[in-house]
Every structure is written in structure tokens, then in C-alpha cells.
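Subject: Structure for you to look at

Hello,

Here is the structure I said I would pass on. Please open it first, then read my notes below.

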Amino acid sequence: MKSGILAACDIGSSKVCCGIARVDENQEFSLIGFGQTVSKGIRKGVVSNIEAVTKNIIEAVTEAEVMAGESISSLTINISGDHISSSNSTGVVAVSGKNKEITVEDVKRVINAARTVVIPKGREMIHVLEQHYTVDDQVDIKDPIGMTGVRLETSVHLVTGSMMLLLNLKNAILRSGYSFQDIIISSLASSAACISDDEKELGVILIDIGSETTDLICYYNNAVIYSSVIPIGSSNITKDIAIMLKIPIKEAENLKINSGYAYSEDVDNDEKIEIPAIGANPSKLESKKFLSEVIEARVKEILEQVNFHINKGDLRKRIPSGIVLTGGGSKLQGIERLCYEYLKIPVRIGFPYGFSSVNNNIFSPEYSVLVGLLLLSLEDTKLEVKEKDKKGFFEKFKSFFSK
Ligand SMILES: Nc1ncnc2c1ncn2[C@@H]1O[C@H](COP(=O)(O)OP(=O)(O)OP(=O)(O)O)[C@@H](O)[C@H]1O
Ligand SMILES: [Mg+2]
């Protein structure tokens, strides 16, 4: 890493936020700049108005730059939306070297073999995520380099997205005057910020409930085995409240945040909440139970979709660490309880951790994606260093023997 500064932007449906982090010599980072603006050009996780997104990025990044006292040129960003699809794939190669010792090149070849699947026209590869390797008959190997064998097999999790929608996002970044270091799906970023290595090892599902999308990812054996995007989010709850209680969106949002509860069975039948006077309409009392029932119906719809994916991916037996709920939508009161009652899987709320910050507001579930993008871009630079080190090692090894 050249300057020790990392920058990322979470381009969400309700907010666009930017974080700038300084990385110290121990490769630990602290957030030194943060900026946020109300998102105007994203619908259901994808760009619907490039100009608005460009403006949002400039606003958020400039605010973060001013706070950090640093100017940045490159950003790691996220992508979401239900155009994203994923699958698992395998590849096999014969180990090439004379002594049959597996090298970086063999690993690159086998990953290439695994990623060589037919990608439909108009779609682009976003991620090729390593799962594990098999060397001859030895299964579940994480790092095969240096091992000896004849046959090297790997399995990977492939994530693709619409080429056009990716291009729109890239254009928005370029138009705002920055380059992009990497584009990462929201669920992968989010999980980097609030899931522990132990949970990833044992098996866990992360569900990031945003404003207009719910991003899901499952880890098992320290690898991603399933990911998906559900095109419903917490703003659907707000809209339902506005319609059912006949109040404006702004009031419905306040009501959801301040008085909403996701598990209606826990709410007293007689409890009332006050809806403040709106325009010519006087203030009124509404049943808290009714509000809760409206909220519960929509959260259940999201959970039903989650359950669909759990069944589709046959994930239930592979998630002893349960479910981690994060994203702004996970701040809804009672959501943990409803999620547990509905799916009968242990649930916790995921907060981003593993760094220090000038701004304590960042340690909140809606910033899991932003923090994860920073952590992953740090990993990225570490990986580059690791690969260079490995090359250096092989070069030294070769020259030692040629001498
Ligand atoms: N305290 C709270 N209680 C309930 N809901 C909340 C609370 N705080 C935020 N939310 C909801 O969280 C949502 C915003 O979450 P988030 O910031 O993660 O979305 P986003 O990243 O902009 O959107 P997306 O990921 O869908 O593109 C909003 O719908 C908001 O109403
Ligand atoms: Mg989001």
C-alpha cells in the first residue's frame, strides 16, 4: 500500500456514505473521515439516475475528505440489486511441475478452470470466491501451495451481475472524478465487518436489511457457499405503514423508528400511540398492536424469502452459528424475536467492529457495508503484498538452485 490511506463508498438506496481510513504499520485501520448524503439516484440497489448518484458520491466523498484532511483518488464500492446471481463451480487441473509441487501458477490455472463457465450475454463476473481445494484424495484444503500431488481440484462461488448495471455504477464513479479500486457485492462487504472467523468456520448466514434490498450470504467452512439479493427492504415497511394508517411517508418512517415493534404477539392489545397532527388533520390515537401487525406482515415476507433461500441452498444444517441481522433495517425493535420465532434459528444483530474511528456513529448496523468495504480493500492490498512475497520467495528459491 502506497499512502496508508483507504477509501470506500457505500452506494445504498437510502444513503450514500464514504469512509476514509488510515492504516498503520500493523495493518490496523482507523476511520479518519466520514461523509454521508441522502441517496437520490438508486432504486432497489441499482443506479436509476447516474447524474444524481454522481452528485451524491461527490458530496459524500468531499465531506469525508474535509474531515480526514486527505484527498483520495480511488474508491472501493459496493453493488447490490436482484440482477446479481451466484452459483458454485468446480475445476480440475494436473499439477504442472516436474516435482509435482503445487505452485501459485497451478492455483491460478485451477481457479481459471473453475471460473470458465458459460456466462450469458450481457452478464459480467463480479467475484470468484475460493472455497476449498482437493489434492489427489485429500479434501478440504485451504492453501494447497507447496503441497505435492498429481491432481488439483477446486470449488469456487461465482457471482455475476448485469453488465449494463455494473457499467452505470462504474460510470457514476468515473464521472465523479474518482477511479474504483474494486466493486464488491454488499453482502460480502457487510459480512467482512460484523461476522467473526469462528462463525464463518462453523457456518452462519448474514442478512443485511437495507432500505430497498435485503442482501444474504452464507458461510460454511470459512467459505461463501451461497449468496443472493432479495428486492425488498425496510422502506417497504414504511410505505405499508403510510398506506394502512393513512399518514405521510415521513410520519410513517418516524412511527416505525420510534414506536414500531416487529413481533405483534408481544404487544399489548390496549396500548395506544399518538399520531401527531398532520396539516389540517388533528392528532389521533392508534393501536400499537395494529402498527405492529402491519410491520410484522412485511418483515415476514422478507423472512419467507430468506427461508426460500435457506431451503434452495440446503443451508439449515450448515449454520450452527445462526443468523446475523445487520443493515439499517435490523434496528427495528423486535426483529430479532420475530426472526427467531419464524425461522427457529438463533439470531443476533451484527454491528461493525475491528477498527477505531473518529466518529462513534459508525458502529451501527447501517454502516456494516461501508466498514466491510474498507476491511476488504485492506485485505486486497495485503493479498497483493502476500502474492509479491510469494513470488519473491520462488524467485529466491529458483536463483538459489540455479547457483
Ligand atoms: N431505528 C430504526 N428502526 C427501524 N428501521 C430503521 C431504523 N434506523 C434505520 N432504519 C431503516 O433502515 C433503512 C436504511 O437502512 P440502510 O442504511 O442499511 O439502507 P441502504 O444501504 O441505504 O439501502 P440498500 O442497502 O437497500 O440499498 C431505512 O429504511 C430505515 O427506515
Ligand atoms: Mg445497504
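Start with the pocket: the space that ligand 1 takes up is the second largest pocket. Keep in mind that this is a predicted model.

Which residues come nearest to ligand 1? There are 19 residues around the ligand, and the nearest of them are S13, S14, K15, E253 and K256.

Two of these residues also make polar contacts through their side chains. In K256, a polar side-chain atom is 2.6 Å from an oxygen atom of ligand 1. In S13, the distance from a polar side-chain atom to an oxygen atom of the ligand is 2.7 Å. T213 uses its backbone instead: one of its polar backbone atoms lies 2.9 Å from an oxygen atom of ligand 1. As for cover, ligand 1 on its own has 660 Å² of accessible area, and the protein covers 88% of that.

What classes of residue make up the shell around ligand 1? It has 11 polar residues, 6 charged ones and 2 nonpolar ones.

Next, the helices. Helix 6 (234-245) and helix 7 (249-259) each give at least two residues to the shell around ligand 1. Helix 7 provides the largest share, with 3 residues.

Last, the domains. The domain assignment of the protein lists domain 1 as 85-161 and domain 2 as 234-293. How many Å separate the centres of domain 1 and domain 2? Taken over C-alpha atoms, the two centres are 52 Å apart.

Regards

Key: Residues numbered from 1 in each chain as written. Chains lettered and ligands numbered in written order. Predicted model: local features only at pLDDT ≥ 70, side-chain atom pairs only at ≥ 80, totals over all residues. Heavy atoms only, no water. Domains from an automatic or database assignment. Near = heavy atom within 4 Å. Polar contact = N/O pair within 3.5 Å; in protein donor to acceptor, adjacent residues only side chain to side chain. Areas by Shrake-Rupley, 256 points an atom, 1.4 Å probe, with all protein chains shown as cover. 1 Å grid on protein atoms, 1.4 Å probe; cavity = no way out; pocket = protein on both sides within 12 Å on 5 of 7 lines; lining within 4 Å. Sits in = over half its atoms within 2 Å of the grid points. Helix = DSSP H or I, 4+ residues; strand = E, 2+ residues; numbered from the N terminus. Nonpolar A, V, L, I, M, F, W, Y, C, P; charged D, E, K, R; others polar.
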